[in-house]
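Open the model in a viewer and keep the selection panel at hand. The tour below goes from one selection to the next.

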Amino acid sequence: MNDNIIPQLPKAPLSRRVAAFSIDAVVVWFLSAIISNNWFTFILFFMILWIIARVLVVHKNYGQSIGHYALDMKVLDTRYQRNPGILELSKREGILALSGALAMLGISNLTSGNAAVLLLIMPLFLDFTVALVDIERYQQAFHDRIAQTIVVGTMRGYSLDIKVKWLVDEAKRYVRR
């Protein structure tokens, strides 16, 4: 066996990354919606809770947030291929906190006469668009490029996506009978 071969880390697909982001965003949105009573306090509490959930928890939980744990992924530092430090996570999640707060504010205030609030989703969309056009192996989004992090698959987690696929297959099999 050749010792010069460096093993590649397993790539986390963009769809799973978006699902993990959505899980984290819904948890933080629910808590901030309970606490806040106007848009300013909503954004303030969303950002504070986001930093707690995606910086402090990730730093203590081997690079995994709630959503990443549910879908078997973790965040790594690209330079050392280990768990990122507080500074890298703060840069990464500071960008996501503001764009996520605006997106959740837009979605929660969407009514038939107020469709313009969907423009609040644009910063988050543009952040992930960078990953769609990235031709490198790990498809880094804008926040990952700034913080020099990558999201990779791991064996540690709940495997929620696999369990949901199994339930859907079982339901399809039951319906066919």
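About 70 Å³ of space lies in the largest cavity (a cavity is a set of points on a 1 Å grid over the protein atoms alone where a 1.4 Å probe fits but cannot get out; a volume is the space filled by probe spheres set on the points, which are joined across faces, edges and corners). This is a predicted model: local features need pLDDT of at least 70 and side-chain atom pairs pLDDT 80 or more, while totals for chains, interfaces and linings use all residues. Residues are numbered from 1 along each chain as its sequence is written, and side-chain values use heavy atoms, without hydrogens and water.

Select Arg17, Phe21, Arg54, His68, Arg92, Leu96, Phe128, His143 and Val151, which line the largest cavity (lining residues have an atom within 4 Å of a point). Four of these lining residues are nonpolar, two polar and three charged.

Next, show helix H1 (14-35) and helix H5 (122-133). Their axes, lines fitted to C-alpha atoms over the stretch in contact, come within 11 Å and cross at roughly 155 degrees. H1 and H5 are therefore roughly antiparallel (angles over 145 degrees between N-to-C directions). To see the contact (heavy atoms within 4.5 Å), pick Leu14, Val18 and Phe21 of H1 with Leu124, Phe128, Ala131 and Leu132 of H5. The residues of this contact are seven nonpolar, no polar and no charged.

Last, go to the largest pocket, with about 240 Å³ of space (a pocket is an open set with protein on both sides within 12 Å along at least five of seven lines). Of its 14 lining residues, Val18, Phe21, Leu124, Phe125 and Phe128 are the closest to its centre.

Technical notes: Helix = DSSP H or I, 4+ residues; strand = E, 2+ residues; numbered from the N terminus. Axes fitted to C-alpha atoms, helices over the stretch in contact; angles between N-to-C directions. Parallel < 35°, antiparallel > 145°, perpendicular 65-115°, else oblique. Nonpolar A, V, L, I, M, F, W, Y, C, P; charged D, E, K, R; others polar.
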